[in-house]
Amino acid sequence: AAESPNISAIVLKLDTPGGSADGSLDLAEAVSAAASVKPVIAYADGLLCSAGYRVASRATSIIAKPGSIIGSIGTMVTLRFNDAQLEQAGIKEVMITADESADKNADYMQAKIGNYKLIKESLLNPLNTQFKNEVTNARPQVDESALTGKTYVSSEALKLNLIDSEGMLQDAIALAETTTKTNSSSIN
């Protein structure tokens, strides 16, 4: 869509609780690239959270359907340990690392015994800093208080500058059309 001369603007309709840090970066970069050549309007239709917000923050503008939930700018990991169930089934799991690989899965192993400090320091905090920096670079007007992982109803998200306006899908399409005409006029 970004490369097609037949498409003058893009409207991304998003309804997402988020996703993974690695996959969302690729899509966010694609939105940035598209927004550098034509208007990209992100439309929140329900949920626009976490990795979904990361993607939308790169758009030219963000419109949210009234009552949509916006935000969750933060990082987390969920670990499930099933050692008791494995032992009950007669299965014993053992992890063995090479002598020169003392740090292999150390953060995971520490979390497994209840020490979460290493996984926060080595994984979550660096990813969180990257995420917050991306959002503030793409949308410097976002209130810093909105960067703690909390979610907001669209009317509050608007006050915090997480979104540019509330509206319906047809409003997002109209903005794309208006922005396209404005950009065309300034070129001629």
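Predicted model: local features only at pLDDT ≥ 70, side-chain atom pairs only at ≥ 80, totals over all residues.
Helix H5 covers residues 117-138. With 22 residues, H5 reaches 30 Å from its first C-alpha to its last, which is close to the 32 Å expected at 1.5 Å a residue.

Several residues of H5 are buried, namely Ile-119, Leu-124, Phe-131, Glu-134 and Val-135. These buried residues pack against helix H1 (21-35), helix H2 (51-56) and H4. In general, an α-helix has 3.6 residues a turn, so residues three or four places apart point the same way.

**Leu-124**

When neighbours within four places in sequence are left aside, Leu-124 is in contact with Thr-75, Met-76, Val-77 and Ile-119. Gln-88 stands 36 residues from Leu-124 along the chain, and the C-alpha atoms of these two residues are separated by 32 Å.

**The largest pocket**

The largest pocket holds about 370 Å³ of space. Its lining is made up of 18 residues, and those nearest its centre are Gly-19, Ser-50, Gly-74, Thr-75 and Met-76. Two or more lining residues come from each of the elements H1, H2 and H5. Among the elements, H5 gives the most to this lining, with three residues. Thr-75 and Met-76, two of the residues nearest the pocket centre, are also contacts of Leu-124.

**The aromatic pair**

The count of aromatic pairs comes to one. Its members are Phe-81 and Tyr-108, whose ring centres are 5.5 Å apart and whose planes meet at 55°, so the pair is tilted. Phe-81 lies in the loop between strand S4 (69-71) and helix H3 (83-88), whereas Tyr-108 belongs to helix H4 (residues 106-112); the pair therefore ties together parts that are 27 residues apart in sequence. Both Phe-81 and Tyr-108 are partly exposed.

| Residue | Relative accessible area | Class |
|---|---|---|
| Phe-81 | 31% | partly exposed |
| Tyr-108 | 23% | partly exposed |

Note on methods
Residues numbered from 1 in each chain as written. Heavy atoms only, no water. Phe/Tyr/Trp six-rings, centres within 6.5 Å; stacked < 30°, edge-to-face > 60°. Helix = DSSP H or I, 4+ residues; strand = E, 2+ residues; numbered from the N terminus. Buried < 20%, exposed > 50% of the residue type's maximum accessible area, 1.4 Å probe, protein only. Contact = heavy atoms within 4.5 Å. Expected span 1.5 Å × (residues − 1). 1 Å grid on protein atoms, 1.4 Å probe; cavity = no way out; pocket = protein on both sides within 12 Å on 5 of 7 lines; lining within 4 Å. Points joined across faces, edges and corners; volume = space filled by probe spheres on them.
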